[in-house]
Amino acid sequence: WITPACLWLAVTETFSPFPVGVPPLKVEMPALSPTMEEGNIVKWLKKEGESVAAGDALCEIETDKAVVTMESNDDGILAKILMEEGSRGVRLGTLIALMVEEGQDWNQVEIPATAEDKAAPPVHQPVPSGRRPAQLRLSPAARHILDTHGLDPQMAMPTGPRGLITKEDALNLLKKSDAKTPPVAREAPAAERPRAPTLPTAPASGRPTYPPVSVPGKPGAPGTFSDIPASNVRRVIAQRLTQSKTTIPHAYATVDCDLGAVMQLRKDMAKEEIKVSVNDFIIKAAAVTLKEMPEVNVTWGGEGPQALESIHISIAVATDRGLITPIIRDAASKGVQEISANAKVLAQKAREGKLLPEEYQGGSFSISNLGMFGISGFSAVINPPQACILAVGRSRMELRPPAPSEEEGAALRRQQLMTVTLSSDGRLVDDELASRFLDRFRANLEQPQRMSLA
C-alpha cells in the first residue's frame with residue numbers, strides 16, 4: 001500500500017526545485033618544473049562546453065622557466081573555467097577549471113564552495129566619515145608619504161579594509177594640504193649670518209620628518225615611478241641571483257685566449273659549407289676540459305661536494321621574459337658541428353618560450369657570452385647548484401712582442417685575443433684549481449685538434 005506520506009515524498013524527490021549538481025572532475029594548477037611555486041594562465045586552448053580527451057592541450061601556463069602547455073589527464077567536457085586568461089600568481093594546487101564526464105550536463109556542474117569564494121573576492125567598503133577606528137592602521141606606502149610630508153594620519157580618510165589608510169588616501173590628503181597651503185614669498189635676507197641648525201620635528205605618527213625629494217603621484221615630478229608587473233621568470237631570476245650572491249663564496253680568475261687557430265679552422269670549414277661559431281668551439285673546449293678535470297665537474301650538496309657523472313653545458317640565452325639556460329647534453333662526446341646545431345635549436349625554442357623542462361634542467365657548467373654586444377670582459381653570477389660559470393667577452397686584435405723562441409729582432413705578432421673570466425664556488429673550486437682549469441681550457445681552445453683527441 002502507498003500511503004499519502006510516501007506519495008508526497010516521491011513527488012518532492014522527483015520534482016525538487018533544487019537540482020543536484022553534476023560532480024566535477026577538478027583541474028588544479030600542476031607543478032610543471034621542480035622549482036615552480038606558482039604560475040600564470042597565459043591562454044586557454046579549450047572553451048567551456050568543448051569535449052576534451054586525455055592528452056589534449058588545455059591551456060598555456062607561464063612557469064618560472066618558460067611557457068608550458070598543460071595537457072588534460074582525463075576524458076570529458078570542460079565545464080567551468082575558474083581562472084581566466086591573464087590570472088597571475090596562481091599557487092600550485094589551486095583549482096583552475098572543472099570538467100564533467102562525457103554524457104553529463106556540463107551546465108549543471110557543481111562548483112566547490114572554495115572556488116566560489118575565490119571567484120568573488122570580498123569588496124572592502126570605506127569607513128564612514130563619522131566613524132574612525134580606535135587604532136590607526138596604515139599601509140607601508142601611506143606611512144611613507146605621510147611621514148615624508150609631515151602630515152597627520154588622523155586627517156586621512158581611510159577607505160581600506162577595517163579602516164586601513166591606503167596609499168590613495170595619503171595622496172588625497174596630500175592634495176588637499178597642497179591646495180590649502182598658500183605659497184609664501186621668500187624675502188632676500190639683508191645680510192648672510194650663520195643660523196643654528198634646526199632638528200626635524202616628529203609628526204603625529206612618531207617618526208621624524210625629512211624634506212621631500214619629490215611629490216609622489218604627480219606626473220613628471222623627479223623621482224616618481226610606475227610599478228612594472230614582474231613575470232614569474234623575472235621573479236625566479238631575482239630570487240636565484242640573490243641566493244647565489246649571498247650563499248655562494250664567488251672567486252674569479254681571468255685569462256686571455258688566442259683565437260687564431262679557431263678562426264682559421266672556421267674558414268676552412270666554411271669552404272665546405274659548414275658554419276659554426278666561436279661560441280660552439282668554446283662550449284666544446286669547456287666540456288673537454290671538464291672531462292679532463294672531473295674535480296671541477298661537481299656541485300655542492302647538503303653536506304659537501306658531489307661529483308657529477310655527466311657533462312651538460314648550460315648556455316645563457318636572453319629572451320623577452322628574462323635569461324634562461326638551455327642545456328647541451330653530453331657536450332664532451334659531441335662534435336662542434338652537432339653542438340652548433342643543438343645550440344641553434346635550443347636558442348630558438350628558448351626565445352619562443354617552448355623549452356621542455358628536460359631541456360633546461362640538470363646542467364653542470366654554465367657559459368655566458370656577451371662578446372656579440374661588444375663587451376670586452378665581465379664576471380658572471382654562478383647558477384646554483386653549479387660550481388662554475390664562464391663569462392666570455394669579445395675578440396680583439398692586438399700586437400704582441402715576438403715569442404722567446406723566435407730570433408732576435410723579429411717583428412711584432414698580431415693576435416686575436418679573447419678574455420674569459422671563470423666565476424667559481426670557493427667551497428668546491430679553489431684558486432689553484434680554477435687557475436689550472438683555465439690553463440687547460442686555453443690550451444684546448446688554442447689547439448682545436450686536441451679536443452678531437454680527448
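Here are some notes on this predicted model, going from the whole chain down to single residues.

1. **Ground rules.** This is a predicted model, so keep in mind that local features need pLDDT of at least 70 and side-chain atom pairs count only at pLDDT 80 or more, while totals for chains, interfaces and linings use all residues. Residues are numbered from 1 along each chain as its sequence is written, and side-chain values use heavy atoms, with hydrogens and water left out.

2. **The whole protein.** You'll find 10 helices and 20 strands here. Both are DSSP runs numbered from the N terminus: helices are H or I with at least four residues, strands are E with at least two. Of the 454 residues, 39% are buried. Buried means under 20% relative accessible area, exposed means over 50%, and partly exposed is in between (1.4 Å probe, protein chains only).

3. **Surface and contacts.** Now take the contacts with a separation of 6 or more: 64% of them are between residues 24 or more positions apart. A contact means heavy atoms within 4.5 Å.

4. Have a look at the open sheet with strand order 11-20-19-18-14-17 and mixed pairing. Strand 11 (250-258) and strand 17 (327-328) are at the edges with a single partner strand each, so one side of each has no neighbour in the sheet. As a reminder, strands of a sheet pair through backbone hydrogen bonds, either parallel or antiparallel. Two strands are called paired here if DSSP finds at least two bridges between them.

5. **Strand 20 and its partners.** Strand 20 (residues 413-425) pairs with strand 19 (residues 388-400) in the antiparallel sense over 11 bridges. Within that strand, glutamine 416 is the bridge partner of methionine 397, and leucine 422 stands opposite leucine 390. Strand 11 also pairs with strand 20 in the antiparallel sense, over nine bridges, and valine 255 stands opposite valine 420 in strand 20. How many of the residues in strand 20 are buried? The count is 10 of its 13, so to speak a mostly covered strand.

6. **The helix across the sheet.** Helix 9 (residues 431-446) lies across strand 11, strand 18 (365-369), strand 19 and strand 20. Helix 9 runs at about 25° to strand 11. Axes are lines fitted to C-alpha atoms, for helices over the stretch in contact, and angles run from 0 to 180 degrees between N-to-C directions.

7. **Salt bridges.** A salt bridge is a side-chain nitrogen of Lys or Arg within 4 Å of a carboxyl oxygen of Asp or Glu. By this rule there are 14 of them. One joins arginine 440 and glutamate 292 (3.3 Å, N to O). That pair links distant parts of the chain, with arginine 440 in helix 9 and glutamate 292 in helix 7 (residues 278-292), 148 residues apart. Arginine 440 is partly exposed at 30% relative accessibility, and glutamate 292 is partly exposed with 30% too.

8. **Two more pairs.** Lysine 349 forms a salt bridge with glutamate 359, with the closest N and O atoms 2.9 Å apart. Lysine 349 sits in helix 8 (residues 336-351), and glutamate 359 in the loop between helix 8 and strand 18, 10 residues apart. Back in helix 9, arginine 436 and glutamate 432 meet in a salt bridge (2.7 Å, N to O); they are four residues apart, about one turn of the helix. Salt bridges that share partners also join Asp256, Arg396, Glu398 and Arg400 into one network.

9. **A nonpolar patch.** Met372, Phe373 and Ile375 make a nonpolar surface patch of about 340 Å². Patches are made of residues with over 30% relative accessible area and no salt bridge; like charges are joined within 9 Å, and nonpolar side chains (Val, Leu, Ile, Met, Phe, Trp, Tyr) within 5 Å. Where is methionine 372 found? Look in the loop between strand 18 and strand 19. Methionine 372 is exposed, with a relative accessible area of 59%.

Conventions:
Accessible areas come from the Shrake-Rupley method with a 1.4 Å probe; for residues, only the protein chains shown count as cover.
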